Amino acid sequence: MTASPATDAAASLIAELVAHGVRDLVLSPGSRSQALALAAVHAANQGHLRVHVRIDERVAGFTALGLSRETGVPTPVLCTSGTAAANLLPAAMEAFHSGVPLLLLTADRPPELRGVGANQATIQPGLFGAWVREQIDAPVPGDGEWTGLAERAVAVALGADAARGLPGVAGPVHLNLPSREPLSGEIPALEITPGDAPRASVSEPLVLDRGPRTVVIAGADAGADAEEIAHAGSWPLIAEIVSGARFGRQIVHGYRALLSDDALGGRIERAVVLGHPTLSREVTRLLSRADVDVIAVRRGGEALNLNGRTTPAASVSVAPGTADREWLGAWLTASAARTVDLSERAPDQDGLASSDFSARRDAVKAELEAVRRPLDRALLADAVWRATWPHDRLVFGSSRLVRVADAVLGGKKVPVHANRGLAGIDGTIATATGIALASQAGGSPGITRVLLGDLAFLHDVGALLLPPDEDEPRLQVIVGNDGGGTIFDGLEVAATADRTDLDRAFYTPHTVRLEKLALAYGWEYQRVTTRTALDQALTTPAGGRQLIEVPLTR
């Protein structure tokens with residue numbers, strides 16, 4: 001077989017990725033990337049790597065993002081040259097703003113074929129601009145070596161390279177990998193030794209004194225750290241539903257109204273922020289106030305600084321001292337009055353057993369009405385929340401439903417994910433698929449549920465396509481279908497635009513038959529209209545991949 005420097009370099013790069021902790025790789029097929037793809041599959045056949053194949057590079061990018069979200073280890077996503085590479089940009093932007101490690105491996109033409117009108121050749125070096133921690137245009141195999149590129153890329157993606165990227169902050173890295181023909185050959189016999197990913201160095205935490213009246217704000221990706229800080233300081237915890245921190249004794253219910261209350265929100269002197277808060281204008285207003293000291297624990301691409309004087313911190317701890325019980329007590333008392341009870345009313349056992357016909361009839365009628373009660377957004381969110389436990393994963397799409405969930409759901413320690421770095425609807429199903437696959441590979445026996453609206457679902461419908469020879473994710477996609485983008489009801493445009501124009505340009509109503517899509521892609525499908533049926537569908541999965549449609553009114 002003809003010798004191929006491209007194959008030798010590709011095999012060496014894949015072996016080096018595995019040696020530095022990489023365990024998953026997502027690829028989209030293409031000619032220029034064939035050496036890398038074959039080397040990855042070779043490593044997978046030896047049991048060193050899990051390879052996930054997706055025909056759509058945009059889906060591939062978000063699948064890799066989901067894998068990285070769950071594992072905390074950079075997942076490479078590999079594609080060929082041309083527009084294939086450009087389709088990775090949305091996932092790269094989300095990874096940058098969310099602080100998720102990601103490796104973008106784009107095959108390319110050699111320098112002599114760039115800028116001369118060669119087929120499928122474009123300007124790939126620098127393609128991802130400011131949205132990567134580092135970009136490397138590698139030498140052509142034979143002209144130079146790829147040795148050391150994987151180690152460098154993994155370290156920068158994890159924020160573990162003190163000399164490059166942003167130390168302590170994870171994000172995407174771009175490796176542009178040009179090659180000349182022959183593009184593939186016999187894969188060399190390399191010793192592949194799996195190793196661990198490097199760890200970012202942890203700086204000394206900023207110590208928070210107990211004096212100021214303080215609240216802890218937990219945004220997307222805050223995790224359990226936010227609850228620990230609130231507990232240590234005896235401070236109220238304002239945790240968005242996407243934070244993964246909505247649990248514990250300090251949790252505040254109905255926080256939007258309480259932040260607008262002069263007796264509570266108006267008296268805040270300091271806000272400690274973890275993660276990326278995005279779901280309420282009330283939190284944004286608080287963090288923009290010049291009279292509030294904001295301490296922001298940085299996780300993503302841009303430092304939070306809405307009031308022009310926010311203090312960044314890699315981590316925080318609480319100084320010893322006496323807790324302000326009066327401050328915490330006022331918040332928890334107000335919180336208790338704001339708790340939303342969405343549980344079903346207990347059956348009228350006395351009425352059902354009564355010998356009085358009219359009393360028994362009324363009790364039966366009440367039970368039937370409860371069973372037949374149509375689902376609304378609050379009941380839908382509550383059902384999904386109640387069905388999900390710590391061994392499961394819950395993914396929220398950027399739909400109207402996540403805001404309803406944030407307003408009504410109580411405390412529960414559940415692993416939650418959401419693409420809130422840019423709060424877009426891009427790649428929600430693909431991200432959830434990556435999360436499901438990673439959690440299963442890590443030994444979790446649970447289910448990954450993704451709750452999203454119909455437009456977010458349709459935007460990523462290509463992610464329903466999965467190869468038949470790969471592990472099937474345990475995944476429930478729950479679609480609240482109100483026939484369009486009703487999230488715009490809450491924006492200024494709903495009060496200013498003509499109704500016909502509003503429908504056409506914003507609501508974008510549709511008549512898509514979701515059951516037909518499920519059938520075409522090989523998913524189990526259920527359409528449910530009552531709480532009882534939804535509870536049953538969520539807790540008795542019909543298969544590995546299940547689409548549950550819940551019709552909602554506009």
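The largest nonpolar core has 42 residues, and those that touch the most other members are Leu104, Leu452, Phe457, Val477 and Leu547. A nonpolar core here is a set of buried Ala, Val, Leu, Ile, Met, Phe, Trp, Tyr and Cys residues joined through side-chain atoms within 4.5 Å; buried means under 20% relative accessible area, exposed means over 50%, and partly exposed lies in between (1.4 Å probe, protein chains only). Helix H15 gives this core its largest share, 7 residues. Helices (H or I, at least four residues) and strands (E, at least two) are DSSP runs numbered from the N terminus.

Let us look at phenylalanine 457 in particular. Leaving aside neighbours within four places in sequence, phenylalanine 457 is in contact (heavy atoms within 4.5 Å) with Ile429, Leu452, Leu464, Val477, Val479, Leu514, Leu517 and Leu547. There is also a second, separate core of 37 residues, and Ala10, Leu149, Val154 and Val156 are among them.

A word on the source: this is a predicted model, in which local features need pLDDT of at least 70 and side-chain atom pairs count only at pLDDT 80 or more, while totals for chains, interfaces and linings use all residues. Residues are numbered from 1 along each chain as its sequence is written, and side-chain values use heavy atoms, with hydrogens and water left out.

Next, follow a pair of helices. The axes of H13 (residues 377–387) and H20 (residues 531–539) come within 10 Å and cross at roughly 35°; these axes are lines fitted to C-alpha atoms over the stretch in contact, with angles from 0 to 180 degrees between N-to-C directions. The crossing of H13 and H20 is right-handed, that is, the near helix is turned clockwise from the far one by less than a right angle. H13 brings Leu379, Leu380, Asp382, Ala383, Val384, Arg386 and Ala387 to the contact, and H20 brings Arg531, Leu534, Asp535, Leu538 and Thr539.

The loops hold some backbone details. In the loop between strand S6 (172–178) and strand S7 (206–208) you will find proline 182, joined to glutamate 181 by a cis peptide bond with omega about 0°. Aspartate 221, in the loop between strand S8 (214–218) and helix H7 (224–233), is not a glycine, yet has a positive phi of about 70°. Aspartate 221 counts as partly exposed because its relative accessibility is 25%. Alanine 423 also has a positive phi, near 55°, and sits in the loop between strand S15 (416–418) and helix H15 (428–441). With 34% relative accessibility, alanine 423 counts as partly exposed.
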